[in-house]
Amino acid sequence: MTSQRICLIGGSGFIGRHLAAQLASRGHRLTIASRRAPPPGFRVLPSAELVSVDIHDPAQLAMLVDGHDAVVSMAGILHGSRAQFEKAHAQLPEKIVAACRRQNVRRLLHISALGAAQDAPSDYQQTKALGELAVESSGLDWTILRPSVVFGRDDAFLNMFAGLQKMLPVLPLAGAGCKMAPVWVDDVARAACECLARKETVGKKLDLAGPEIHTLADLARLAGRASGHPRPVVGLPDSLAMLQAALMEWLPGPTLMSRDNVRSLQWDNVSDQPFPSSLLGFEPAALSALAPDWLAGRGRNATASRYRAKAAR
């Protein structure tokens, strides 16, 4: 594939860091937009420029995307008020679309979330759906990716469960029965790379669900066992789950669970569509083949190395 100049909006986040590494390995030149200092461990690649910009300012956004062959929109938040969700998930995609039109950037890849729907139970899911509508009606050459819960060595998901079980004698869990199809972060990044390389993905909305389905309680137990700190996992009824989340919203430090998160867990995070392997050219990795090794503090196993080698090709 010919080298392209690609702008990543939200590129310093969890998925963005992995996507940037894969795009750079394919020879692309990157502009990574960030409003704040990058997180610890963030490494600026030689072919990437980290730009400090207010992505919510239309004029700055237009200057940011100018001269690029493609834009990847993946900014988002997990916690906040309805207004904050709308700003990040609905209004920002509208502004990105407008900036692309203004600067004649035709290719737009938008990373949304599985479960996004206007009739979904949570503000997170509803506003993600509004963002998808803005992209679908843009008139641009768009593709939308909708990953299930994303896991990886540096995630804030399985590692959170492992850390909590190291500290707590029992893990009380909201949404314990919610079903999920976890997808590896490197597979999400590879899917994005393939979409940018394949014209046949234009105008497609693709669900990215991993090959295994687990309940949230199953995933919490797996994280505890693999990290060497297995604890009893106790599912909470909805009323207690909402009370627990309300209390956690007031605790100092990063929010681990909010009431909106609890509402999201009322819907299973699985897809009735198979992973789009024939369109993207690869099969997704299974969580059970990858996660136990890094949760146990071991090095990358042969399976992970094999998948990484495939992703680099």
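The model is predicted: local features need pLDDT of at least 70, side-chain atom pairs count only at pLDDT 80 or more, and totals for chains, interfaces and linings use all residues. Residues are numbered from 1 along each chain as its sequence is written, and side-chain values use heavy atoms, with hydrogens and water left out.

**Confidence**

- The chain averages a pLDDT of 92 (the predictor's confidence in each residue, from 0 to 100).
- A score of at least 70 is reached by 91% of the residues.
- Over residues 301-313 the pLDDT is below 50. Beyond near neighbours in sequence, this stretch has 20 contacts in the model (heavy atoms within 4.5 Å).
- Where pLDDT is low, the predicted coordinates should not be read in detail.

**The sheet**

- Seven strands form an open sheet, ordered β3-β2-β1-β4-β5-β6-β11, with parallel pairing. Two strands pair if DSSP finds at least two bridges between them.
- Helices (H or I, at least four residues) and strands (E, at least two) are DSSP runs, numbered from the N terminus.
- β3 (48-52) and β11 (204-208) stand at the edges with a single partner strand each, so one side of each lacks a neighbour in the sheet.
- From one strand to the next, the twist averages 20 degrees.
- Strand β1 (residues 5-9) pairs with strand β4 (residues 70-73) in the parallel sense, over four bridges. Ile 9 stands opposite Ser 73 in β4.
- Helix α6 (residues 185-197) packs on the sheet and touches β1, β4, β5 (107-111), β6 (141-147) and β11. Its direction makes about 165 degrees with that of β6.
- Axes are lines fitted to C-alpha atoms, for helices over the stretch in contact, and angles run from 0 to 180 degrees between N-to-C directions.

**Helices α7 and α11**

- The axes of helix α7 (residues 216-227) and α11 come within 8 Å and cross at roughly 45 degrees.
- Residues of α7 that meet α11 include Leu 219, Leu 222 and Ala 223.

**Two loop residues**

- Ile 55 lies in the loop between β3 and α2 (58-65). Ile 55 is buried, at 10% relative accessible area (buried means under 20%, exposed over 50%, partly exposed in between; 1.4 Å probe, protein chains only).
- Ile 55 and Ala 88 are 33 residues apart along the chain, and their C-alpha atoms are separated by 9.9 Å.
- Gly 297 sits in the loop between α11 (287-295) and α12 (302-312). Gly 297 counts as exposed, at 64% relative accessibility.
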